[in-house]
Amino acid sequence: YSMSSSHTLTTVVSPLAGGSVVRSPDAVSYAVSTTIALTATPATGYSFIGWSGDLSGTKNPETITMDTDKTVTASFVMNTGNNMKLTLGSKMISVDGKQVPIDASPDIFSSRTFIPIRIVTEVFGGSIAWDAAEQKVTIVRNGTTLNLWIGKNAAEIDGKSVSIDTNPAVVPVISYGRTLLPLRFVAESLGLDVQWDGTAHTITITAKS
């Protein structure tokens with residue numbers, strides 16, 4: 001039995017952009033055996049997937065009883081979309097019609113469209129890894145592995161070397177600390193369809209079913 005008359009509850013949100021947790025009653029510390037209701041609210045474009053730490057399961061809202069200090073993590077996942085629309089120079093994209101902010105806007109280099117690639121893997125599923133030593137980006141989606149290097153016109157699809165573009169100037173770049181990759185090459189290598197609207201300056205990426 002703890003001699004302490006009160007306990008603290010720490011709530012963690014994973015990933016940070018995924019949503020928020022509201023506790024009721026809301027306090028810094030709680031008397032022993034206080035029951036608290038926790039409600040997880042996903043941000044736009046995310047879904048709540050469950051609790052971990054001193055709470056488990058997927059019930060929402062959920063209650064927790066304070067008999068010791070506790071830490072609870074609410075996990076969210078970005079919804080896997082079927083359709084994503086980006087606009088040149090805009091930090092808002094639309095995923096299946098919902099507006100979602102991104103941290104770097106699409107841009108044009110060497111007359112090709114480049115986008116911060118993480119958003120593509122987050123929306124359409126897949127994983128992305130960065131190797132700082134090699135300046136290499138590895139993207140895996142639906143069993144396809146794509147390697148690209150900053151400043152290099154050659155990429156690898158499942159271990160086979162391919163040219164990114166007929167124009168050798170089209171290479172992955174780092175702009176304002178974000179890795180931007182040539183959109184059409186990456187999307188099509190990962191089995192996504194890309195449509196460009198020159199009038200509206202919008203790019204629509206669709207998952208091929």
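Trainee: What is the order of the strands in the open sheet of 4 strands?

Mentor: The model is predicted, so local features need pLDDT of at least 70 and side-chain atom pairs count only at pLDDT 80 or more, while totals for chains, interfaces and linings use all residues. Residues are numbered from 1 along each chain as its sequence is written, and side-chain values use heavy atoms, with hydrogens and water left out. Strands (E, at least two residues) and helices (H or I, at least four) are DSSP runs numbered from the N terminus, and two strands pair if DSSP finds at least two bridges between them. The pairing in this sheet is mixed, and the order is S3-S1-S7-S5.

Trainee: Which residue in S7 is the bridge partner of Ser-47?

Mentor: S5 and S7 (residues 70-78) run antiparallel and are joined by 7 bridges. Across this pairing, the partner of Ser-47 is Val-77.

Trainee: In the open sheet formed by 5 strands, which are the edge strands?

Mentor: The order of that sheet is S13-S14-S15-S16-S17, with antiparallel pairing. Its twist averages 25 degrees from one strand to the next. The strands that pair on one side only are S13 and S17 (160-163).

Trainee: Which residue in S15 does Arg-141 stand opposite?

Mentor: S14 (residues 136-141) and S15 (residues 144-149) are antiparallel, with 6 bridges between them. In this pairing, the residue opposite Arg-141 is Thr-144.

Trainee: In the hairpin of S20 and S21, which residue takes a positive phi?

Mentor: S20 and S21 (residues 202-207) run antiparallel and share 6 bridges. Val-194 stands opposite Ile-205 in S21. The hairpin has 4 residues between the strands, and the positive phi, near 55 degrees, belongs to His-201.

Trainee: How many residues does H1 give to the lining of the largest pocket?

Mentor: A pocket is an open set of points on a 1 Å grid over the protein atoms alone, with protein on both sides within 12 Å along at least five of seven lines; lining residues have an atom within 4 Å of a point. The largest pocket holds about 370 Å³ of space, where a volume is the space filled by probe spheres (1.4 Å) set on the points, joined across faces, edges and corners. Of its 17 lining residues, the closest to the centre are Asp-103, Pro-116, Arg-118, Ile-119 and Arg-178. The largest share of the lining comes from H1, with a contribution of 3 residues.

Trainee: How far apart are N and O in the salt bridge of Asp-103 and Arg-178?

Mentor: A salt bridge requires a side-chain nitrogen of Lys or Arg within 4 Å of a carboxyl oxygen of Asp or Glu. The pair links distant parts of the chain, 75 residues apart: Asp-103 is in the loop between S10 and S11 (107-109), and Arg-178 is in S19. Both are partly exposed, a class between buried (under 20% relative accessible area) and exposed (over 50%), computed with a 1.4 Å probe on protein chains only, with Asp-103 at 45% and Arg-178 at 34%. Their N-to-O distance is 2.7 Å.

Trainee: Which residues lie nearest the centre of the second largest pocket?

Mentor: This pocket has about 210 Å³ of space. Its lining divides into 8 nonpolar, 3 polar and 3 charged residues; Ala, Val, Leu, Ile, Met, Phe, Trp, Tyr, Cys and Pro count as nonpolar, Asp, Glu, Lys and Arg as charged, and the others, Gly among them, as polar. Of the 14 lining residues, those nearest the centre are Ser-111, Arg-112, Thr-113, Leu-183 and Arg-184.

Definitions and conventions. Axes fitted to C-alpha atoms, helices over the stretch in contact; angles between N-to-C directions.
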